[in-house]
Amino acid sequence: MAYITLRDVQLAFGGPSLLDGANFNLERGERVCLIGRNGEGKSTLLKLIEGSLLPDRGEVAIQNGITISMLAQDVPMDSGKVADIVADGAGEAATVLRAYHEASDACVLGDMDACDRMGELQHKLDQVDGWALETKVNSILSKMGLDPDADLADLSGGRKRRVLLARALLTQPDVLLLDEPTNHLDVESIEWLEKFLLDQNNLTLLFISHDRSFVDSIATRIVELDRGTLRSYEGNYTRYLELKAMQMEAEEKQNALFDKRLAEEEVWIRQGIKARRTRNEGRVRALKDLREESKARRSQQGKVSMATQDANRSGKLVFDIEHLSVAFGDQEPIIKDFSALVLRGDRIGLVGDNGVGKTTLIKAILGEIEHGGTVKTGTQLEVAYFDQLRNALDLEKSVKDNISEGTDFVDVNGGRRHIYSYLQDFLFSPERARTPVKALSGGERNRILLAKLLLKPSNLIVMDEPTNDLDMVTLELLEEMLGGYKGTLLLISHDRAFMDNVVTSTWVFDGKGHIDEYIGGYQDYLEQRPDQTAVDQKSDVKKALAKAEAAVPKKAKLSYKDQRALEQLPAEMEALETEQASLNEKLADGSLFVSDADTAAKISARLAEIDELLLEKLERWEALENLTKG
């Protein structure tokens with residue numbers, strides 16, 4: 001029996017259903033990643049499973065005896081002793097143990113009532129196995145490299161997330177729910193989390209993440225929440241992309257056939273009645289059904305449309321940085337003696353742990369903070385700055401007013417566009433555009449920042465953690481936009497896949513004030529770093545062998561005599577077309593990609609093969625026909 005089962009679950013909050021007859025199973029030992037566009041309802045689904053929400057209809061079934069813990073998306077800013085915060089994950093046992101320690105301290109000071117309470121609390125601790133709790137807490141904190149006496153408020157975002165993870169794992173849950181666990185973590189912390197989760201035997205995971213490298217490393221299955229429906233894809237994110245592309249192609253073909261049929265029936269209902277003055281009632285009813293199906297069909301949410309504003313080219317030199325150092329007060333310099341040359345068109349990624357000075361370096365280069373050394377700035381620079389802390393947004397104002405500052409039109413590359421039209425490029429409907437920013441999700445706020453940033457003409461874009469909270473589709477579109485950007489880019493990001501796809505060189509912070517430059521993205525840095533062994537030459541040998549193999553001419557296929565071929569080709573083409581129609585029918589509604597992904601992939605490959613065969617046979621047949629005519 002599955003650990004968790006959703007049967008025909010329906011849930012809506014006034015608008016379109018977030019879950020529309022959704023079905024899902026989570027089996028023991030699986031590591032399932034839940035993906036989908038911002039606002040589709042992924043976090044809501046986790047809350048349904050956790051039990052803090054109830055569905056409007058349907059059933060969320062949890063196997064008897066199964067324990068579930070959830071690591072929330074937001075990191076708390078509260079203070080408190082790390083050991084106490086972790087112990088709170090044990091519920092009643094933690095409450096009783098804390099009360100016992102408080103009573104014990106008071107009893108030592110002479111409080112006789114507290115001494116009396118200790119006996120009662122001792123009995124309760126025996127009942128809830130509270131004496132073992134302290135040992136468990138210290139054991140898991142040691143495993144995660146955390147100081148039990150540290151104050152949560154003094155920890156970095158990555159360390160705080162470790163504390164929350166320790167708390168979630170304290171009771172040794174059967175299922176762990178994670179909502180964007182890599183958000184605001186540096187690369188080192190993300191890689192630690194990957195290894196930690198993979199080392200947990202028998203832990204079943206259901207997690208939400210936009211970090212494609214993390215998903216590829218962790219997931220054994222992808223479940224996509226799309227227009228209220230859950231669809232499952234075996235394998236990691238790379239495999240999902242392959243299967244999704246096939247499914248979308250099949251869905252588009254099916255929709256095109258449906259739309260064509262509906263259009264033909266709409267023409268018939270008008271022409272047929274006028275011509276014959278009689279009605280085929282069955283056909284009329286069928287048309288009504290088609291119209292209802294068309295209304296009920298939920299189209300896929302549109303893609304964000306991104307384009308930068310043209311600006312005059314900057315000079316060839318953008319920044320000439322010499323011996324730059326930054327220190328705060330009497331503290332050790334956070335950046336020591338950094339020199340670099342930034343030229344027009346460079347796309348530079350900044351990599352390092354949280355707190356090592358990445359944002360500080362950007363501000364020093366831009367002249368926003370004092371520093372030692374010199375920074376020579378090139379000519380005609382126009383800077384667009386994506387701020388990690390979202391200081392550019394007024395939370396009380398609407399989306400519209402944050403972008404247009406009270407006007408109804410914005411200038412886009414020399415032309416005027418209505419603000420609502422422009423915001424629809426970033427998936428904000430007119431109604432959503434009138435919503436205060438404080439009511440929006442993190443992903444929506446990042447889209448607003450992008451909309452605002454891209455209105456500003458620029459030849460230098462500075463981005464500080466732009467990928468947090470963005471869904472994967474929007475991330476890929478942002479990558480595409482930056483790839484075609486003609487200006488210069490300075491990018492801080494902990495998203496390794498994003499860095500690999502965007503930057504041309506990487507500045508790596510060692511945490512001791514020093515910064516080293518490497519050519520390429522994050523993976524290129526891993527191969528070039530000093531502790532990395534020489535690149536394995538086997539890959540070069542394989543490439544040489546593959547090249548030599550490709551150079552060997554393929555054997556020509558044997559052919560029949562021209563006359564016999566001319567007679568048989570029509571029948572062969574007809575057989576292929578029949579097979580093609582049958583296979584297309586199997587893929588028509590896309591369900592086979594969910595129920596049997598391997599078979600669906602084989603069918604798609606066979607369809608591609610049939611297309612090639614039909615083309616070859618048609619060309620051969622036409623050539624032979626021309627010979628008979630000659």
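What share of the 630 residues in the protein chain is buried? Buried residues, meaning those under 20% relative accessible area with a 1.4 Å probe and protein chains only, make up 43% of the chain. The structure is a predicted model, in which local features need pLDDT of at least 70 and side-chain atom pairs count only at pLDDT 80 or more, while totals for chains, interfaces and linings use all residues. Residues are numbered from 1 along each chain as its sequence is written, and side-chain values use heavy atoms, with hydrogens and water left out.

The secondary structure of the protein chain comes to 22 helices and 20 strands, where helices (H or I, at least four residues) and strands (E, at least two) are DSSP runs numbered from the N terminus. Of the contacts in the protein chain with a separation of 6 or more, 68% are between residues 24 or more positions apart, a contact being heavy atoms within 4.5 Å.

Six strands form an open sheet with mixed pairing, in the order S5-S6-S7-S3-S8-S9, and two strands are taken to pair if DSSP finds at least two bridges between them. At the edges are strand S5 (68-71) and strand S9 (229-234), each of which pairs on one side only, and from one strand to the next the twist averages 20 degrees. Within this sheet, strand S3 (residues 31-35) and strand S8 (residues 221-226) pair in the parallel sense over four bridges.

Arg-221 is found in S8, and Val-32 stands opposite Arg-221. Because its relative accessibility is 7%, Arg-221 counts as buried. The side chain of Arg-221 makes a polar contact with the side chain of Glu-30 at 2.8 Å; such a contact is a pair of N or O atoms within 3.5 Å, of which, within protein, one must be able to donate a hydrogen and the other to accept it, and residues adjacent in sequence count only if both atoms are side-chain atoms. Leaving aside neighbours within four places in sequence, Arg-221 is in contact with several residues, among them Phe-24, Leu-26, Cys-33, Ser-232 and Tyr-233.

Two packed helices are described by the angle between their axes and the distance between the axes; here the axes are lines fitted to C-alpha atoms, for helices over the stretch in contact, and angles run from 0 to 180 degrees between N-to-C directions. Helix H3 (residues 92-108) packs against helix H4 (residues 112-127) at an angle of about 155 degrees, with the axes 9 Å apart. H3 and H4 are therefore roughly antiparallel to each other, since angles under 35 degrees count as roughly parallel, over 145 as roughly antiparallel, 65 to 115 as roughly perpendicular and the rest as oblique. Residues making this contact include Val-96, Leu-97 and Tyr-100 of H3 and Met-118, Leu-121 and Leu-125 of H4.

H3 also packs with helix H5 (residues 131-143), at an angle of about 100 degrees and with axes 9 Å apart, which makes H3 roughly perpendicular to H5. Here Ala-93, Ala-94, Leu-97, Tyr-100 and His-101 in H3 meet Trp-131, Leu-133 and Glu-134 in H5.

Asp-337, in strand S11 (residues 335-343), has a positive phi of about 45 degrees although it is not a glycine. Glu-465, in the loop between strand S17 (460-464) and helix H16 (472-483), has a positive phi near 55 degrees, and Glu-465 is buried, with a relative accessible area of 5%.

Conventions
Buried means under 20% relative accessible area, exposed over 50%, partly exposed in between (1.4 Å probe, protein chains only).
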